[in-house]
Amino acid sequence: MKKQFYSLLAISLISMGSFAQMPERILDKSNMREGEHVEYCTTHKKLAELRKDPKMAAMIDGAQAEMQNHAKSKGDNNTTKATVYKIPVVFHIIHNNGTENISKEQVADAVAILNRDYRKLNTDANNVQTPFQGMPTDVEIEFELAKKAPNGACFAGITRTSTALTVAPPDQGWSNPGGLQQVNAVINGNDIYQGVWPHTKYLNIYVAADIGGAAGYTYNPMTNATASASNMYYNGIFILSTYTGSIGTSSVNSSRSLTHEVGHWLNLEHVWGPNNNPGNAASCSDDDGVQDTPMCIGVTSCSLSSNTCNDPVQQPAEIN
Ligand SMILES: [Zn+2]
């Protein structure tokens, strides 16, 4: 599992392509590539903002400690567990009757891409540097569109909410971010079930025309299991409609941003550590918390010869 994550995030980040978004926003150019109009991933910025609140910081740290303890209790081995976990997914499409109201076929394509990447069925799975050859692994996690709404009603795994909030409103401080306002629009106005969709039962994916200037973002897992709008927000994934799947309003080049964000949702950091600044020399001393890769400075292009800190063959001692 861990080994596959290396290629999942390394490759999928590269695909966070280039589509102009409607609002003019002040974007961090260090978090964008030349010619692009969105930041590729703002997960760690969101987490940094959240950590400004001591209670939330304590919750994040507590969740990380809990997961580390759990991992230690399981030990680290590379054997195949042969247990496939299926995660029910709901795509909450937040639209204003524009092209962001993507088709069910485009959603199905997005799910198929997740399953391809997390089951190591992607043809580029073994495109890794020589020291990592043979390491990419089937994560043994599958995703399927949920079939039952919280009230037990059958549905097709997709909700649609018609609202101007398909464009994320500005954050009103860390406690009322624009994404939470989009979640509340879903809770109050979707066409399937108006109410909370518990994050402990569904992977909630919010698809919109604008999510605050990023292609995608999410948060690392939190421990709070209370079903609430707030936890739907903090435990969900936000993705642009133009980065969902590879067909319709998206494209192959932007089809793996969701693979990237699901990695974060499963507690995977960027390979250069928990920050959004690939290329920053400080990342050479930042670990991603997973033992399969050495410390690296991070890259924003997909080159198998990229190695900006040290020789990966010499670096496994970094493993903690
Ligand atoms: Zn990311």
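Hi everyone, here is a short walk through the predicted model on the screen.

A word on conventions. Residues are numbered from 1 along each chain as its sequence is written. Because this is a predicted model, local features need pLDDT of at least 70 and side-chain atom pairs count only at pLDDT 80 or more, while totals for chains, interfaces and linings use all residues.

Let's start with confidence. pLDDT is the predictor's confidence in each residue, from 0 to 100. The chain has a mean pLDDT of 83, with 83% of its residues at 70 or more. Two stretches stay under 50: residues 1-8, with 28 contacts beyond four places in sequence, and residues 10-21, with 37 such contacts. A contact here is two C-beta atoms, placed from the backbone, within 7 Å. Where pLDDT is low, the predicted coordinates should not be read in detail.

Now the overall layout. The chain has seven helices and six strands; helices (H or I, at least four residues) and strands (E, at least two) are DSSP runs, numbered from the N terminus. In sequence order the pattern is α-α-α-β-α-β-β-α-β-β-α-β-α. Of the 320 residues, 40% count as buried, which means 20 or more other C-beta atoms within 10 Å of a residue's own, with C-beta atoms placed from the backbone; 12 or fewer is exposed, and in between is partly exposed. Among contacts between residues at least 6 apart in sequence, 71% join residues at least 24 apart.

On to strand 6. It has Ile237 and Ile239 on one side and Phe238 and Leu240 on the other, all buried, so to speak covered on both faces. Strand 4 runs parallel to strand 6, joined by four bridges, and Tyr206 stands opposite Phe238. Strand 5 pairs with strand 6 in the antiparallel sense over two bridges, with Gly216 opposite Ile239. For pairing, DSSP has to find at least two bridges between the strands.

Which residues of helix 5 are buried? They are Gly179, Gln182, Val183, Ala185 and Val186. These residues cover an arc of only 155° around the axis, which puts them on the same side of helix 5; the arc is that of the directions from the helix axis to the C-beta atoms. Their cover includes strand 1, strand 3, strand 4, helix 6 and strand 6.

Helix 2 has its own buried set: Thr43, His44, Lys46 and Leu47. Seen down the axis, the buried residues of helix 2 fall within an arc of 155°, so they line one face of the helix. Helix 3, strand 5 and helix 7 are among the elements covering them.

Buried or exposed? Val38 counts as buried because it has 29 C-beta neighbours inside 10 Å. Its C-alpha atom is 7.3 Å from that of Leu27, 11 residues apart along the chain.

Last, the nonpolar core, meaning a set of buried Ala, Val, Leu, Ile, Met, Phe, Trp, Tyr and Cys residues joined through C-beta atoms within 7 Å. The largest one holds 50 residues, and Val89, Ile205 and Val207 touch the most other members. Helix 4 gives the largest share of this core, six residues. Beyond its neighbours within four places in sequence, Val89 is in contact with residues including Val111, Phe143, Leu203 and Ile205. A second, separate core of five residues includes Val271, Trp272, Met295 and Cys296.
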